[in-house]
Amino acid sequence: MSRRSASGDLPQSLEVGRTYRIPLPALAAFSAVLVTVAAVLVFFVAPNDADQGFSQRIFYFHVSIALTAYACFAAGAWKALVHLWKRDPRADLESYVAVHQGVIFGSLVLMTGSIWAKISWGHWWLWSENQLVLFLVLFLFYAAYFMLRYSVDPGPQRANLSAVYALFGVVLIPVSFLAIRLAQHFIHPIVFTRHGPSFGGWILVTYCVAQVAMLVLAYTLYRVELAGKRLDARLRELKEVLA
Amino acid sequence: MTYARDVGALARKDLLLQLRAGDTLPAMLIFVVATFVVFHFALPSGSSDLAATGLLWVALVFTALLGLGRAFVPEREQGVLDGLVLAPCDRSAIWLGKAIAMLVFLVAAEVVALPVFALFFHQLPWAAVVGVVLADLGICTVGTFVGAMAVATRARDLLMPLLFLPLAIPLVIGGVGASVVSGPGRYLEFLALYDALFALLCWASFEYVVAE
């Protein structure tokens, strides 16, 4: 699928790219600072949990990473919709990169959740933890996204299939969540009740900083990967022109 | 009502093809019965009826997968899909016609499979049968759609179960729930919700799967 213009000029897609208001180095520095501040708050400032002690601090990372993963999947679906709707040529790659970041953060959710479950309840895996099970389903779903994408040649068909599949993801997330909640009634009648922490003071501040840090980190990684992929595509097209 | 006529014509074409060539349905039937025999030996004696009910759902999903994986293969191989895309009908009619044909195959397989299950294992409650019907709708809408995606790729048969199974997990949860609990109402409602949501999504986005 050659996008070369008839006159043999530079391919059109060389012009394709988005200019962002915040330059990438500044964004990277900002996210490094934020993540450091969040880590300091989590380890030194936030109070110990009365029930679970020090290990409860993984909550700040686990929950903020989980929300970030959802945000990435939502961004991927949004870009997919933009691709299908507006035929924006940049949206396909952006959708893919967002989903990719979502899968990376999703794997981190599985890992941090697993560690937390091991320390709190003595098992690496608990089917009664709804969030963990949901992320496992999503992980499998989005792993198939990559299989799908890489078994179609680059071009409009691949962009369309990826976009439609990414849209299925945002419908699958609430449906699976509901299903897993329902499954609790016949698989695990006993639901672990975490005693409700008073969500205020340093706990709230720490959580909010950690959440913002993870979102900014995800956005930085998204921009880095996008820049890399665009460079890759440009290089390939330049080679094609020169050949 | 040209839309309904188009869908009817497409579904009839698949059913006629099945009557003449007859490869998918017998394969599904033999597969589902063979699976039951495997399950009988996989379940140690003294296993509860609940375990067998759970395995029934595994058998149904895999039987559907067997048929759905091949749903669009004739269209791709003979180049029929290009003709259908060029035909002056709404593209979603291609999906709906195929989904209806697949539903007929799946229900036909289950008309045999459920009595055989009752014979080999135990009686099924009425809610389980309603659950099977509702899940069939979801399996066929989503499965046909994903099947159309899979045949467009190089991996084809390899990709089909990978794409379909994560999407089928909620259906299995709803179906098993409806079969084993005493108050199956909300599981059946959940299955109906799944069917409605995904049917709408498939109907709206099928165009992008077949057209470039």
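Axes here are lines fitted to C-alpha atoms, for helices over the stretch in contact, and angles run from 0 to 180 degrees between N-to-C directions. This is a predicted model, in which local features need pLDDT of at least 70, side-chain atom pairs count only at pLDDT 80 or more, and totals for chains, interfaces and linings use all residues. Residues are numbered from 1 along each chain as its sequence is written, and chains are lettered from A and ligands numbered from 1 in the order in which they are written.

1. Packing of α8(B) and α9(B). Helices (H or I, at least four residues) and strands (E, at least two) are DSSP runs, numbered from the N terminus. The axes of α8(B) and α9(B) lie 8 Å apart, and the helices pack at an angle of about 155 degrees. The two are therefore roughly antiparallel to each other; angles under 35 degrees count as roughly parallel, over 145 as roughly antiparallel, 65 to 115 as roughly perpendicular and the rest as oblique. Their crossing is left-handed, the term used if the near helix is turned anticlockwise from the far one by less than a right angle, with right-handed used if clockwise.

2. Residues of that contact. Two residues are in contact if their C-beta atoms, placed from the backbone, lie within 7 Å. From α8(B), B:P170, B:L171, B:G174, B:G175, B:G177 and B:A178 meet B:Y187, B:L188, B:F190, B:L191 and B:Y194 of α9(B). By class, the contact of α8(B) with α9(B) has eight nonpolar, three polar and no charged residues. Ala, Val, Leu, Ile, Met, Phe, Trp, Tyr, Cys and Pro count as nonpolar, Asp, Glu, Lys and Arg as charged, and the others, Gly among them, as polar.

3. The loop between α8(B) and α9(B). B:P184 sits in the loop between α8 and α9 (185–210) of chain B. B:P184 is buried, with 21 other C-beta atoms within 10 Å; a residue is buried if 20 or more other C-beta atoms lie within 10 Å of its own, exposed if 12 or fewer, and partly exposed in between, with C-beta atoms placed from the backbone. Not counting residues up to four places away in sequence, B:P184 touches B:A127, B:G131, B:G177 and B:A178. The C-alpha atoms of B:P184 and B:V130 are separated by 9.9 Å, and the two residues are 54 apart along the chain.

4. A helix pair across the two chains. Helix α4 (residues 130–150) of chain A and helix α8 (residues 159–180) of chain B have axes that come within 9 Å and cross at roughly 155 degrees. α4(A) and α8(B) are therefore roughly antiparallel to each other, and their crossing is left-handed. On the α4(A) side the contact is made by A:V137, A:L140, A:F141, A:A144, A:M147 and A:L148, and on the α8(B) side by B:L159, B:L162, B:L163, B:P166 and B:I169. The residues of this contact of α4(A) with α8(B) are eleven nonpolar, no polar and no charged.

5. The contact between the chains. Chain A gives 27 residues to the contact and chain B gives 28 residues. On the side of chain A that touches chain B, α4 and α5 (156–187) of chain A each supply at least two residues. The largest share of that side, 18 residues, comes from α5(A). By class, the side of chain A that touches chain B has 22 nonpolar, five polar and no charged residues.

6. Chain A as a whole. The secondary structure of chain A comes to six helices and zero strands. Of the 243 residues in chain A, 36% are buried. Among contacts in chain A between residues at least 6 apart in sequence, 75% join residues at least 24 apart.

7. Helix spans in chain A. The expected span of a helix is 1.5 Å times one less than its number of residues. α2(A) has 29 residues and reaches 41 Å from its first C-alpha to its last, close to the 42 Å expected. α3(A), with 31 residues, reaches 43 Å between the corresponding atoms, close to the 45 Å expected.

8. Positive phi values. Most residues other than glycine have a negative phi. A:R87, which is not a glycine, has a positive phi of about 60 degrees. A:R87 is found in the loop between α2 (58–86) and α3 (91–121) of chain A and is exposed, with 11 other C-beta atoms within 10 Å. In chain B, B:R156 has a positive phi near 50 degrees. B:R156 is found in the loop between α7 (126–151) and α8 of chain B and is partly exposed, with 17 other C-beta atoms within 10 Å. Just after α3(A), A:G122 takes a positive phi of about 85 degrees.
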